[in-house]
Amino acid sequence: QNRYRLRESIMSLGPTGFIFESFVGQILEKHGYSMESIRSKVKGQCVEHEIDLIARSSTNNRYMIECKYHNIAGIFTGLKETLYTHARFLDLKEEFDREMLVSNTQISGDAIQYAKCVGQDVLSWRYPKDNGLEKMIEDQGLYPVTLLHLNKNELDAFAKINFLLARNLLNVNIDELSRQTGISTNRLTTLQSKINQIL
């Protein structure tokens, strides 16, 4: 039940992948990565690339992270995405130690086989088997704010200030947040109690 709602709420993060990229960055941070940048241009040997996320792992590997976001259920992330991510990584291998593909949907068997073969890390729905994206979210209660059934204006307001994890509502100054987002303190208090119930 919760997992179904979680999947839906990730799909409501937006028509584009921008908010998803920031959301993934925040999840990885809570799991020991440090974010260097979101959506930055990096010059490769052949061309310049816009990289979704650049992060360092706890072992100090510098990661090039490609996020693949779908806002329709049932679409697999496939071989094309893993090939594309790896091709980018090869052009940028002076800059990065590792590559990672992150997706909010399931990943195809071919894509997994290719990723394993070239040493690409993949994080997606239910993959790796015991530590997929949904597990990383559930383990630490890192649910997106969209789990709270926000309207479009509310989501836009939260996204503008990069406020994407629902649990962050629990330790925030409501008046301050209301000023930043234009959402009433009453509504924010209601959202707070919803999160308490979920967590």
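This is a predicted model: local features need pLDDT of at least 70, side-chain atom pairs count only at pLDDT 80 or more; totals for chains, interfaces and linings use all residues.

Trainee: Which helices each supply at least two residues of the lining of the largest pocket?
Mentor: They are helix H1 (2–11) and helix H6 (152–160); helices here are DSSP runs of H or I with at least four residues, strands are runs of E with at least two, and both are numbered from the N terminus. H1 gives the most, with three residues. The lining includes Arg5, Glu8, Ser9, His149 and Lys152. By type it divides into three nonpolar, five polar and three charged residues. In this scheme Ala, Val, Leu, Ile, Met, Phe, Trp, Tyr, Cys and Pro are nonpolar, Asp, Glu, Lys and Arg are charged, and the others, Gly among them, are polar.

Trainee: Is Lys152 buried or exposed?
Mentor: Lys152 counts as exposed because its relative accessible area is 59%. The classes are buried under 20%, exposed over 50% and partly exposed in between, with a 1.4 Å probe and protein chains only. Lys152 lies in helix H6, and its side chain makes a polar contact with that of Asp156 at 2.7 Å. A polar contact is a pair of N or O atoms within 3.5 Å; within protein, one must be able to donate a hydrogen and the other to accept it, and residues adjacent in sequence count only if both atoms are side-chain atoms.

Trainee: How many aromatic pairs are there, and how is each described?
Mentor: A pair of aromatic rings is described by the distance of the centres and the angle of the planes. Rings of Phe, Tyr and Trp (its six-membered ring) pair if their centres lie within 6.5 Å; planes under 30 degrees apart are stacked, over 60 edge-to-face, and the rest tilted. The count comes to three aromatic pairs. Among them, Tyr33 and Tyr63 are edge-to-face, at 5.7 Å centre to centre with 80° between the planes. This pair links distant parts of the chain, 30 residues apart: Tyr33 is in the loop between H2 and strand S1 (34–43), and Tyr63 is in strand S3 (residues 62–68). Both tyrosines, Tyr33 and Tyr63, are buried. Phe158 and Phe163 form a stacked pair, at 5.3 Å and 25°, and both Phe158 and Phe163 are buried.

Trainee: What does the side chain of Gln26 lie 3.1 Å from?
Mentor: A polar atom of that side chain lies 3.1 Å from the backbone oxygen of Asn162. Gln26 is in helix H2 (residues 18–30) and counts as buried because its relative accessibility is 12%. Leaving out residues up to four places away in sequence, Gln26 touches Asn162, Leu164 and Leu165, where contact means heavy atoms within 4.5 Å.

Trainee: Which backbone oxygen does the side chain of Gln192 reach?
Mentor: The side chain of Gln192 reaches that of Leu169, at 2.8 Å. Gln192 is in helix H8 (residues 185–198), and with 17% relative accessibility this glutamine counts as buried.

Trainee: Which peptide bond is cis, and where is a positive phi found in a residue other than glycine?
Mentor: Most residues other than glycine have a negative phi, and most peptide bonds are trans. Here the bond from Tyr127 to Pro128 is cis, with omega near -5°. Pro128 is in the loop between strand S5 (121–123) and helix H5 (133–139). Arg39, in strand S1, has a positive phi near 50°. His149, in the loop between H5 and H6, also has a positive phi, of about 55°.

Note on methods
Residues are numbered from 1 along each chain as its sequence is written. Side-chain values use heavy atoms; hydrogens and water are left out. On a 1 Å grid over the protein atoms alone, a cavity is a set of points where a 1.4 Å probe fits but cannot get out, and a pocket is an open set with protein on both sides within 12 Å along at least five of seven lines; lining residues have an atom within 4 Å of a point.
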